[in-house]
Amino acid sequence: MANIVLTRVDSRLIHGQVVTKWLQQSAADEIFVVSDELEKDEFLQSIYIMAAPPGVEVKIYGVESAKKYWQEEAASSNAKVLFLVPDLQTLSEMVEAQVITKDIQIGGLGGGAERKNVLKNINLSEYDVMILDRFLAKGLNVFFQAIPEDNPMPIEKLIEKYHSL
């Protein structure tokens with residue numbers, strides 16, 4: 001069975017820190033990206049695939065095809081997986097499908113309308129906070145950690161900051 005060694009929410013998906021630091025720390029040999037937008041864009045897929053180091057397989061699926069993969073094909077894989085999603089909505093769907101059942105690392109959530117900056121790399125909306133609260137109610141360990149050298153920060157602190165802004 002494929003083993004998810006790190007679940008990370010990062011709006012940038014595969015980038016320098018993921019490739020140079022998180023792959024090494026997690027000892028993952030596969031990057032599994034879930035993004036409906038990316039699944040439809042073969043050109044962007046090729047860029048992300050090229051960004052991975054040699055020997056690291058990159059799989060890119062949309063939400064529905066990712067669920068199907070984990071139900072039907074993951075059992076026949078021995079991969080150690082770095083599981084990447086671009087946002088909390090996508091992650092929520094993976095949690096509801098019971099693909100993700102343990103620790104969740106928040107690494108970066110971009111800005112935008114109706115989003116508040118709660119930390120250098122983290123911008124949350126009210127909807128994001130609702131999703132995070134649901135994860136916490138399920139007993140999931142959710143934390144922020146930009147780079148391996150940082151101490152993980154419990155997401156509750158960022159939710160508190162969101163409400164104080």
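Which residues of E2 are buried on one side, and which on the other? I looked this up in a predicted model, where local features need pLDDT of at least 70, side-chain atom pairs count only at pLDDT 80 or more, and totals for chains, interfaces and linings use all residues. Residues are numbered from 1 along each chain as its sequence is written, and side-chain values use heavy atoms, with hydrogens and water left out.

**Strand E2.** I found Glu30, Phe32 and Val34 buried on one side, and Ile31 and Val33 on the other. Buried means under 20% relative accessible area, exposed over 50%, partly exposed in between (1.4 Å probe, protein chains only). Five of the five residues of E2 (residues 30–34) are buried, so the strand is largely enclosed by the rest of the structure. Strands (E, at least two residues) and helices (H or I, at least four) are DSSP runs, numbered from the N terminus.

**Neighbours of E2.** I then checked the pairing; two strands pair if DSSP finds at least two bridges between them. E2 runs parallel to E3 (residues 57–61), with five bridges. E2 also runs parallel to E4 (residues 80–85), with four bridges. Glu30 stands opposite Glu57 in E3, and Val81 is its bridge partner in E4.

**Aromatic pairs.** I searched the whole structure and got seven aromatic pairs. Rings of Phe, Tyr and Trp (its six-membered ring) pair if their centres lie within 6.5 Å; planes under 30 degrees apart count as stacked, over 60 as edge-to-face, the rest as tilted. Phe32 and Trp70 are edge-to-face, 5.5 Å centre to centre with 65 degrees between the planes. This pair links distant parts of the chain: Phe32 lies in E2 and Trp70 in helix H4, 38 residues apart. Phe32 is buried at 0% relative accessible area, and Trp70 is buried at 10%. The ring centres of Tyr69 and Trp70 are 5.7 Å apart and the planes at 85 degrees, so this pair is edge-to-face too. I noted one aromatic cluster formed by Phe32, Tyr61, Tyr69, Trp70 and Phe83.

**Confidence.** I checked pLDDT, the predictor's confidence in each residue, from 0 to 100. The protein has a mean of 94, and 100% of its residues reach 70 or more.
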